[in-house]
Structures are given as structure tokens and as C-alpha cells.
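Student: I would like to go through the contacts in this model with you, beginning with the chains and then turning to the domains.

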4 protein chains.
Amino acid sequence: MKKIRVGIMGFGTIGKRVADAVMKQEDMELIGVTGRSHNWRIRSAHRKGIPIYTIPDHQLDGHGFKLEGTIQDLLKKVDIIIDCAPKPKGKENRAKYYEPAKMKAIYQGGEKPDVGEVSFTAQCNYDECRGKDHIRVVSCNTTGLARTLGAIHTKYGIKEVYATMIRRGADPWDIRHGPINAVVPVLELPSHHGPDLKTVLPDVEIFTTALSVSSTLMHVHTITCECKKTPTVEEAVEIFKKTPRVRVVYNESLVRSTAEIMELAKDWGYPRGDMPEICVWKEAIGVVGNKLLYLQAIHQESDVVCENIDAIRAALDVCDAETSMQKTNESLGIPQHGMVEK
Amino acid sequence: MKKIRVGIMGFGTIGKRVADAVMKQEDMELIGVTGRSHNWRIRSAHRKGIPIYTIPDHQLDGHGFKLEGTIQDLLKKVDIIIDCAPKPKGKENRAKYYEPAKMKAIYQGGEKPDVGEVSFTAQCNYDECRGKDHIRVVSCNTTGLARTLGAIHTKYGIKEVYATMIRRGADPWDIRHGPINAVVPVLELPSHHGPDLKTVLPDVEIFTTALSVSSTLMHVHTITCECKKTPTVEEAVEIFKKTPRVRVVYNESLVRSTAEIMELAKDWGYPRGDMPEICVWKEAIGVVGNKLLYLQAIHQESDVVCENIDAIRAALDVCDAETSMQKTNESLGIPQHGMVEK
Amino acid sequence: MKKIRVGIMGFGTIGKRVADAVMKQEDMELIGVTGRSHNWRIRSAHRKGIPIYTIPDHQLDGHGFKLEGTIQDLLKKVDIIIDCAPKPKGKENRAKYYEPAKMKAIYQGGEKPDVGEVSFTAQCNYDECRGKDHIRVVSCNTTGLARTLGAIHTKYGIKEVYATMIRRGADPWDIRHGPINAVVPVLELPSHHGPDLKTVLPDVEIFTTALSVSSTLMHVHTITCECKKTPTVEEAVEIFKKTPRVRVVYNESLVRSTAEIMELAKDWGYPRGDMPEICVWKEAIGVVGNKLLYLQAIHQESDVVCENIDAIRAALDVCDAETSMQKTNESLGIPQHGMVEK
Amino acid sequence: MKKIRVGIMGFGTIGKRVADAVMKQEDMELIGVTGRSHNWRIRSAHRKGIPIYTIPDHQLDGHGFKLEGTIQDLLKKVDIIIDCAPKPKGKENRAKYYEPAKMKAIYQGGEKPDVGEVSFTAQCNYDECRGKDHIRVVSCNTTGLARTLGAIHTKYGIKEVYATMIRRGADPWDIRHGPINAVVPVLELPSHHGPDLKTVLPDVEIFTTALSVSSTLMHVHTITCECKKTPTVEEAVEIFKKTPRVRVVYNESLVRSTAEIMELAKDWGYPRGDMPEICVWKEAIGVVGNKLLYLQAIHQESDVVCENIDAIRAALDVCDAETSMQKTNESLGIPQHGMVEK
């Protein structure tokens, strides 16, 4: 079978992970990535033998590695481009590079929804995205909401959701941003996360508030979900266990915090110590009347990586959702049906 | 008028603040405090001329200051004792010291409700507590909930509240406790805060979840309050402005975080840079249907100090709630009716 | 006696503290401060009744407080201006405003040394600065080094100093800057602190390295000071106890960290909980051969405030160093000769 | 060749890493590990198929995995035991279990030096440790000092070292310990790190001070090393590049902090994102007279893992230092001669 030739625009937090993931797909080939600034990341790409292309105003000359050409050169060699440029460059890149080259593109969730024809979460609306030219993978937070709420919605029907997002203040490598010692609310109501969920789960009513805290590891969501039918805790645990890319974690196994989830991810051998699965604490699942309450943790750097891989297959319409997700999960070490063991 | 003679058991975070506050009351006299370990706190008490009494196993000999006697000696000289011992010592102290001495006592919210005959928040149930012998001032978080929800309940009637408490991981001076870099959910549903509110607002249904974060400054609550009548944002702002010991803060004045609230408290001259008022962000007040949403910040070290002062007057039944709160507020620099200016 | 009329340019971390300090001097009068952005700080100035002047492009209209005029108007009414503008605005302000108005000015240590004719630390070189028109108070870190090393130098003669500055990553109110979880070395050798010390102690050889950490409270210096004569620990303790604006703190009193120093400052009643004194830990003073080792903590927000006050008197040549420092210390609650008690 | 049969006592931060490393050695076989508490770590061991043995008072019954026997049973099946129990259990374990079983043992650096006959750093004193029964691998900090100072000492001769250790406050998974917002000096002079270095480099004079900060990632050392011959920066860079298990990192490649080193380790594919090499910043290497100054970062969780592997071969005297280090490095992905590229 001819492999899908993939290019990646941008080699930051998401770009480098998508690159690694593409290289693990049997049906894909990584043709190249673009670099701009000189830093350890692009040196790592070079060290792994990934061809490096450039964008205007790059600073990659004189550092001892071969540059393969420009973004335009890269676009001539690929079937699809994954835009991992910092927001809001994706929209600009679409107009400047991808549309002139008639190139299919996948964008990230930091872009506004109108960057693509559709927004994407594999287990929610893969079919709707098949064959589309411009697909936006929703953000890490929205992906987390979509995975668990999508499953709840299928089972019970959701009337209304209220959620608080406790967001990490910066990524682990980011030494510039704070806060060092504060809780910083997002002073707009609702925060943008709620409306964004409707791009993949259009009939779920949701209202979100958000705050940033002095942590770099994961986002945490506290969710109050009013269902149309009465849920039970036991059923909810079973639903989350069976939902793809969702993992039930256990206080009883001393997984009490985002720090311990990150350690678990390292112990279980996930590359980079990433945790691509949305983690729901078993002991914090509760029911009050028709309301289901739960807490989930989102690894902002990695949960959308598998979504990008599936979005490639959707855009090129090479297989159905189940086949794609199965391939992606197997190649990336993600269990097929959530976590069965503690 | 004869002054109320007050003793304080324990000279930690709350004890030292209550001592300062008592010394500012025209109708009270601080007779003494108890110390146990030698540290800068008890040295500060000594430096301020506060008589120091001891409890068994104290380590205060040989540090160059006069010890006035034991806790039993102190109890002979006072009209009331404020128990600020670390939880759960209060209950033990009641049985061991206060009851044998037939002494009225005020306890802190870290104790279980049954330490006292009643739990107390001045603006909610002062009258109920008049003349009682053993009164428990509720915790900093419960006090914060009681002040704002009490006002909302009076205006609209509350059907049901869902709240998430984002808690500081440790007090500012506490170098032993973490987390340094994690979000740590309280893995029990509901957290204890909800039930505790019912000790002062018995007819408010509330369900709370809680998490600890890497910050030392304040707790933050995100509150979703379903009312019996439809609220408006404008009305809610007015209610909070007029509620005693509640302050509306403004993103528009760059008060965007708990750190800036603490700086504001310093700039406005509150002693120690404390913020005894519950702070509600104007820009984060919202209404969806009958639901009122808001965010509030609680200074864990100081919001209950004024409550302790009022509880003294309630226990000794020397005046009504309004008189007591007015005296307390004036002496401590707290505005009578929330914050009028930005 | 006619009071010295003082204006302040800039109302941030230092400006607001200098304003408070000026208002406490019997021989000074605060004529006004300049504001630029609308925020809680300038509202606090307004609330305290401080006249507010403006600089170009200010955003203070329409917020309900009276503006007294421009910086040029302010300069007409004062004897001296304290420039507390963010670096490196001081130099620009000198050329643009102060020199055309023939106005004496005090600058802050974030400016390069050439902003003034001299750099200033009261106990090191007050005399040299008497009558000068443009005086730069050195930075918080340099002030800390100057106070303790100046005293050591007087006693033993210093051959060479190696110091590491562990710097707080951001001020307590600053929610934008990190790092949240990292140690960030200053990757230049030496860091700028060493050379800056020579502006006030020209014959002390010093080499400094610096790192930023995830804390907002204080800087900490680890100092290895090779002396010309052999020091002893006991003598060093006595020197630090007798050095103005230096405080010996005690692990034995549980003052084990910067957090506990900040709490001590609150307990002792310093306004805002500031600690204007340089704190040296008794238990970390050591001697190896001719080398004196010690650790000191610097409150970045406040140690230079008293220096600004003294610099005003030096610039206007109204009294000698000892008289000025005594007035300043008394008015600000700083002990005259370091801390005598634990 | 018959493989060395290895048992591991304790499965925490170090034990689990040593287990992974043993499994990667061609000449070793992991026979089993001991567990005590039920948590995600021991579940991970189970998941990987590692046989689990127990110690008294364990809590591993009833969690669905097979227990192979007691520590005594494990000791019957192995050639050597690696003690990774929390300090100071190693000494107790030696007396209670290893000596009665006449078992060779490797201990960790948290133990006091007298737990073993010798202390060990592969590149410093492997030969001295060949055939010894009880070997102590020095701590992460001492290992870091030994690697770089050993190389400097060989080249120039060291007269005296002054070092400040800026220590992470807790490990990444540890949510219990602080400080959240403080710098906490070790209030003893010297800190224990200096004396400990002399257990592997006995003729290096060193004096250390230490502080803890609010970070979980790495320790950082600032080192002032007075040499017997005059060093140059260029030579020092070359020495560090050629020293095993030392890596020169570059501000020029944006590796500016411990956070970026940890990200680099992930990008380069080190398991768990560990960084077993001691990292020295090129841009912070300086020379003043005979003094060499540099900054290094130590990954507390992993730098001693390769040392434990080498210590096994030394204890059983199966090969020389160079052969062992080469095998260990190759199996663990550590470059043979530091980092050659940026």
C-alpha cells in the first residue's frame, strides 16, 4: 500500500509529538518538518534524521545541518500537511501556503473554528470529517470534554453541563510564564471551552469557567453533568472504562494527583512520559439526583496527538473511524478500551 | 464599662490575629495567650507585652521571657477563652480545661461541629448564638460561602448550589507542605465544605468538590447557585456591594488574581496585608437561566478573625449582631457595607 | 523648618513605598505622584489623598479622580523628584524632564550607573553624594551586598568575594512571569551584581553568579568572603547585629526560610509586611581559614526604600549620614542597630 | 555466559529505575523486587512481569497479583541484592537480611558511608571496589560533584572547592513536601555534601552550602574550584565534553534552565524522560585566576542508576571499569564520551 506522505509545519510541543507519532504509523511516511528558530528541539529533529524545511525569516543557517528547502518545497512532496504553528498562524498559513498549493491540512485547536471546514474529535465525529480538506483538531481541553461527555451523552443524554477547568499555567519546558504563586481566574463568562465543545458535540449544552494555577503538568476539570436519565456511579465507571482514550485512575492505588498520573505514565512506558488518555478518578465520581459529577485530568501536551493521526486518515478518507483509531492506538501504545486494570 | 477579659489558647496563624484584634476592641482586654514551642511568633507576643501562659510539655523555659502561669491560671482571670489550638485539640481542651473551669469558649472551624453547641457566622446566625457557652466559628471556606450565599439566599432563595473550592496548598509561612507542582483533588464526594455550610445556613442545599494547588495565598471558589427567583448580574453586583465583609473586586482595575488581591490588601493598609473580606470578581458574575455564577477568593488566614470577635460578644450576650459587627468592623478597618469604590 | 517638597515619578512597587515613606518624614512633604495606567495601585493613591499627575499617553481620564496636572507641573512644585519609573526610563526622564527643569533627581538601581553622577548606599557613601544633583540608589541585591560586605570590609578588609544570588522569579503580585517549576541560571559570568557593588564599595573584589527560582518572596545570597584578617563566627555575629539595617535571624527561633522571615515581618508590624533589613541567618555563618561564609535574604520590594529617603537628604545636603539614617529608621520602624533580640 | 542474578529491595524512585536498567543488561537477570505498600508503582512492576517478593508488614495481599515469597526467599535465588529501601533502612537490612544470608549488597547514598566497606562512583574508584561485599553508591548530588570535579582534579589538581547546591524541594511525583513559595537554606555549615565527596575523592577539599527551592526537576550546583594549575574556559569545555556521563548544554540552543534540560531528555528519547548525565552549561563556565567556575544540573532521580549497574559488576569483579561503563552506557543510551553535538 502506498503510504500517506505527511509534512508538518512547526516543530514545537505538538509538532514534535505528531512527528514521532507519524513515524510510528505503518501507513504513513514523515516527509519533513519546518523549523524556524535554532534550539534543542530542531537539533533533536536533525539528530533523528527528519528532513528540515524552512519558513521565511528562519534562523537555521550556520548550525551545521542540511536544510531541504522551503515550506513550498515540502508541500510539493506531501499528501497532507499538519499545521502545528503557534496560534493564530494556522489561518494565515492556510491562505498563504496551503490553499495556493491545493493542499489538505489539519489544524490545531488554538485556531478559531473557522480555520477549517469542520472541527474534529475521532470518537465523536470522524465520519463527518471524511474527505474534508481543512480539519481542525479541537484543543486539549475540548478533546478531554468531548471524550468523556460524548460517552455520557450516548448513554444518558445530557441536559446541561457545568464545568470548571483548573488549567496549568505553562507547559513544563516554559520558564517564562507564571503564575508562581497565585490562582488566576479567566475573568470572562463563559470561558471559551464550553462553546468550543459544541463544534464536535453540537447538542450538548455546556457552561464553563476557568482558572490558571501554578502547575505545569495537566489541566483538571471538575464536571457537573445533568443527564436526561438517572446515572449511577457503577455505570459511569463502566462507561469510562470502555471509552477509548479514557483511563480510570484510582486513589486506592495512590494516584491522588496530576503529579502521580504523570509518574504513572512514565512507569507504564509512554514515550516522553506523556499521558494521551483522559484520566478520570474513580473515587471522585458521584451522582446527585440526575447529576453526574466527576473530575478528569488532561495532559495538555499529548491528548490531541492521536487525534491528529486519525484526522489525517479522515481527511484522506482511507478508512473508517474504528479502523483508524485501532491503528493509532496500537502504534502509540494506547489501550483499546480504556484502562481495565488498576 | 467593664471590659470583657479574653484569653487565647494557642498562638498560631489564627491565635495571633485574634490577639491583635482583641487588643483593638474598646470593650475587650487581652489577659494572656498560651504558648508551647519556642519560635518567632511567641517572641513577637512577648515583644508586644502580651502575658504568656503555658500548657503541659511546653518548651518556653530558658528563652528569657517571663511565664505568667499555666492555662488553668489564665482561665481564672478571664471571662471567655478563644481556643485557637491546632485541630482537633479544641474538643480535648473543652473537656480538660474549659468545662472544669466552667468557662465559656469559642472554637475554630477545623474542629468538628459538635465541639460547640452552635456554629457561628455573624451575619447569618448571631442571634441564635447569644448566650451560648460553646460556640464554633466555622472555617475560612465555610465563612466565605456563608457570607455570599447567605446574601443571595435572603434575596432570591437558593434551590441548590454546586461549588468547586480551589484551595491553597499551604499557608505562606509553611515550608513543609506541598504540592510544589501538581493539582491534588480531594478524592471524596462531596468535600466536607458543603455539609459544614448547613451548620450556619441549614436550609441551603449545597454540593462541593475541592482541589489543592501550589499556592499559599487564598482559596478560590467557583460557585453555581440555582435560585428560586431569576437573578440578574446587576442585582447580584449590588447585593455583594452591600453585604458586610464582602468586597467586589474589578478586573478592570487589574485585580485579576489572588496575588493582586493580596497586594491590594497591603496597599489599602490592612494589618499584615490580610484581606478579611470575601472578594468577588465583578467580571466573573454571570447568570444562566435561574443560575447565578460567581468566583470568590477567601483569605484563609484572616476572614474568621472578625467572626471570633463577634462570637465573643454573642457568647456573653452584650449586644446585638449589628452593634457587634459595626464595632468589630470599625476597629479592624473593614468597610461597613462592602466595597463602594473600585 | 521648611519641609523638603518631594515628587515621585512612577507609582509601582518602589514608587508606592517611597510615597508612604516620604509621608512619614517630619522634614518632607509629598507633593504628588505620577500615574499612567488605571489600576488598583493608583486608586489606592487617590484614596489616600495623594495628588496625581500624569505623563504622556496616560489612561487615567474617566475613572472619577482629579488629575492635578502633568509631570512638568509637578516639577514646578517640588525640590526633588524620585524617579521610580520602570527601567530604563530613568535615563530618558532625566534628559526629557529633569534636566530641562534643572531638577535634582534620585534614580533606582535598575538604571545603569551612568544615569547619575554617583551611586548610593547610605551607610557606605552618603558623604560622597552630598549635594549631588543626580543620585542612583543601587538595586535591592547590591544594597544587600553593600550593607553586610561594607561592615565586613571595615572590620577585616576584604580580599575577594564569591557570591551566588538565588533570585525570586517575580514579585508577589506579578502573575505573568515564571518559572513555575525550574531553576534558571543567569548564563553570563559574572552576573551584573558583582560589578555593580563596586559603584558603592569600589575596592571590594567580587564575583557573582545568579539563578532565578520559583519563588516571589526574597532573594537569597550565599557569600564566601575571603578576608585580609582572620574572622571568627562570634565576631561576625556581633558585626551583623551592630550594622544598621541588617538583622540576624535565628533557625533556633524557627526562622528557617524566606517564608518565615516574611511572616516575622508581618508579626513585628512592618507596613505591608515588608522587611527593609537584610537578614543574615546566625546558624549559617561559618569561617574556614580566612574565609567568612554567610547566607542573607533580601526583600527585593523594600530594602531600598529607606535608601531613597536618605538619598533625598544627601542630594539636598540637609544633614549628615548618621542624622539622616536615624530619622529614616525611626520614622519607618527600623531598629537603629540591627536586631538585638532573637 | 551465566548471567548475574539480581534482586532489588524496594521499588521506589531508584528501585524501579534500577530494575529497568538491570533488565537491559545482557549479563544480568532481574530475579525479583520487593514491594510493601499497594500503589501504582508495584502494579507497574506486576504488569511488566517482574516477580514480586514481600517484606514484613506488607500490604500486597488481595490486590490480584501473585507474591513469589519473602525477601529471604529472594535472597536464596540471587547473586547480589540492590538495596533501594528508603534511608536509613539499608543499614538495618544489611544486619537483618543480607549478612545472615552472606549476600553481597549495593546500597544507596542516602545511607551513611559506614553502611558499606566503600563508597562508589564508577569513574572515580571502581577498582577500589572490585570484589567488595558491601558497596554504597554515593548520592545523586555527590555523584554529580564526583564526575565533574574528578575530571578537573585529574587535569589540574584541585586545591579547594566552594559549592552551593540549589536543591529541588521534592521529587516530581511527591505532592506532600514543599516549599510552595520559599527558599529554604540548610542551616548547617558545611552541608553534608562536601564531606560525602571525600568518600570517593578523598584528596579534594570541598566546602558546600545548600538550599531547597520550589522545584521538582533537578538540583543545580554553582561551583568555584580553585585549581593547582591555571585552567582555561576552552580546556574546561573540552574536559567536560570528554568526561563520561557528563553533558555540555548550550544556552545558544535555548537550553537555559533545568526545565529545558528535562525537555531535551524527553526529546532525545531517554526512558521516562530521565537525564542520567550531569549537565554543565557551556556559557556559564568561567575562569578567574586559578579558579574555575561552572554551573551543573543533576537529575536526582536517575544519575545514580548507571552507577548501581557498574557497582554490581565491581562487587562481583566480573570486568574492569571501562568495560562495565561501556556496557552500561550502551544499554542505557548514554553517549560514551559526553555530548559531542550541541
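Student: How many residues does the contact take from chain B and from chain A?

Tutor: In this predicted model, contact means heavy atoms within 4.5 Å. Counted in that way, the contact between the two chains takes 39 residues from chain A, and from chain B 39 residues.

Student: What area do chain B and chain A bury between them, and what percentage of it is on carbon and sulfur atoms?

Tutor: The area between chain B and chain A is about 3100 Å². As for the atoms that carry it, the share on carbon and sulfur is 69%.

Student: Which residue of chain B does A:Lys291 meet in a salt bridge?

Tutor: Across the interface of chain B and chain A the rule finds two salt bridges, while the count of residue pairs in polar contact, both at pLDDT 80 or more, is ten. One salt bridge has A:Lys291 on one side, with an N to O distance of 2.8 Å. The strands and helix that each supply at least two residues of the side of chain B that touches chain A include β9 (158-168), α9 (258-267) and β16 (291-298) of chain B. The side chain that A:Lys291 meets is that of B:Glu160.

Student: How do the residues of the side of chain B that touches chain A divide into nonpolar, polar and charged?

Tutor: Since Tyr, Cys and Pro are among the residues that count as nonpolar, and Gly is among the polar ones, the classes have to be read in that sense. On the side of chain B that touches chain A, they come to 22 nonpolar, twelve polar and five charged residues.

Student: Within chain A, what area do domain 1 and domain 2 bury between them?

Tutor: Chain A is divided into domain 1 (4-138 + 304-332) and domain 2 (140-302), and 26 Å separate their centres, taken over C-alpha atoms. In contact are 27 residues of domain 1 and 21 residues of domain 2. With 48% of it on carbon and sulfur atoms, the area buried between the two domains of chain A is about 1900 Å².

Student: Which residue forms a salt bridge with A:Arg17?

Tutor: A:Arg17, A:Gln123 and A:Val138 are the residues of domain 1 of chain A that lose the most area to domain 2 of chain A, together 28% of what that side buries. Across this domain interface the rule finds seven salt bridges. For A:Arg17 the closest N and O atoms are 3.6 Å apart, and the partner is A:Glu301.

Technical notes
Residues are numbered from 1 along each chain as its sequence is written. Chains are lettered from A and ligands numbered from 1 in the order in which they are written. This is a predicted model: local features need pLDDT of at least 70, side-chain atom pairs count only at pLDDT 80 or more; totals for chains, interfaces and linings use all residues. Side-chain values use heavy atoms; hydrogens and water are left out. Domain bounds come from an automatic or database domain assignment. Buried area is the accessible area (1.4 Å probe) that two parts lose on being put together, summed over both. A salt bridge is a side-chain nitrogen of Lys or Arg within 4 Å of a carboxyl oxygen of Asp or Glu. A polar contact is a pair of N or O atoms within 3.5 Å; within protein, one must be able to donate a hydrogen and the other to accept it, and residues adjacent in sequence count only if both atoms are side-chain atoms. Helices (H or I, at least four residues) and strands (E, at least two) are DSSP runs, numbered from the N terminus.
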